[in-house]
Amino acid sequence: FAGADVDGDPLRARLAWLEQHNDELREGLEGSNRENERLREELKSSAQKVAELEEERERFFDEGIFDVVNQISQNSCMPPSWMFSPRSPRSARGAGGAGGGG
């Protein structure tokens with residue numbers, strides 16, 4: 001419409017421009033609506049993933065961390081089981097070396 005008047009009436013000029021570009025405007029709005037819907041679905045999916053991760057983190061701190069800490073403490077307080085085995089390489093080396101086999 002670029003400032004042109006239809007019969008000296010700016011309102012008619014705007015209406016004529018809208019009628020000429022109606023299909024383009026409709027396609028643009030429909031495209032925007034589709035994009036908006038797609039973004040809403042992505043947001044919903046992302047929000048669901050965040051909620052699942054938060055739940056998993058909470059469950060880890062409620063249960064999992066205690067299991068990990070207990071396992072680490074048990075393993076760090078107890079010497080390895082091979083130290084108590086009568087056939088372990090260290091006890092065999094110790095016995096062989098001390099037994100004077102040489």
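**Entry 1**

I started at Asp23, which counts as exposed at 51% relative accessibility. My cut-offs: buried is under 20% relative accessible area, exposed is over 50%, and partly exposed lies in between (1.4 Å probe, protein chains only). The model is predicted, so I took local features only at pLDDT of at least 70 and side-chain atom pairs only at pLDDT 80 or more, while totals for chains, interfaces and linings use all residues. Residues are numbered from 1 along each chain as its sequence is written, and side-chain values use heavy atoms, with hydrogens and water left out.

Which side chain meets Asp23 in a salt bridge? I found Arg26, at 3.6 Å from N to O. I call a salt bridge a side-chain nitrogen of Lys or Arg within 4 Å of a carboxyl oxygen of Asp or Glu. Arg26 is partly exposed, with a relative accessible area of 42%.

**Entry 2: other salt bridges**

I searched the whole structure and got five salt bridges. One of them joins Glu42 and Arg38, at 2.2 Å from N to O. These two are four residues apart in helix α2, which means a separation of about one helical turn. Shared partners link Glu35, Arg38 and Glu42 into one network of salt bridges. Glu42 is partly exposed at 40% relative accessible area. Arg38 is also partly exposed, at 39%.

I then checked Arg12. Its salt bridge is with Asp9, and the closest N and O atoms are 3.6 Å apart. Arg12 is exposed at 52%, whereas Asp9 is partly exposed at 28%.

**Entry 3: the fold**

I counted three helices and zero strands. Helices (H or I, at least four residues) and strands (E, at least two) are DSSP runs, numbered from the N terminus. The order along the sequence is α-α-α. How much of the protein is buried? Buried residues make up 4% of the 102 residues.

**Entry 4: surface patches**

I looked up a nonpolar patch next. Phe60, Phe61, Val68 and Ile72 make one of about 380 Å². Patch members have over 30% relative accessible area and no salt bridge; like charges are joined within 9 Å, and nonpolar side chains (Val, Leu, Ile, Met, Phe, Trp, Tyr) within 5 Å. Areas come from the Shrake-Rupley method with a 1.4 Å probe, and for residues only the protein chains shown count as cover. Phe61 belongs to helix α2, residues 22–77, and is partly exposed at 48%.
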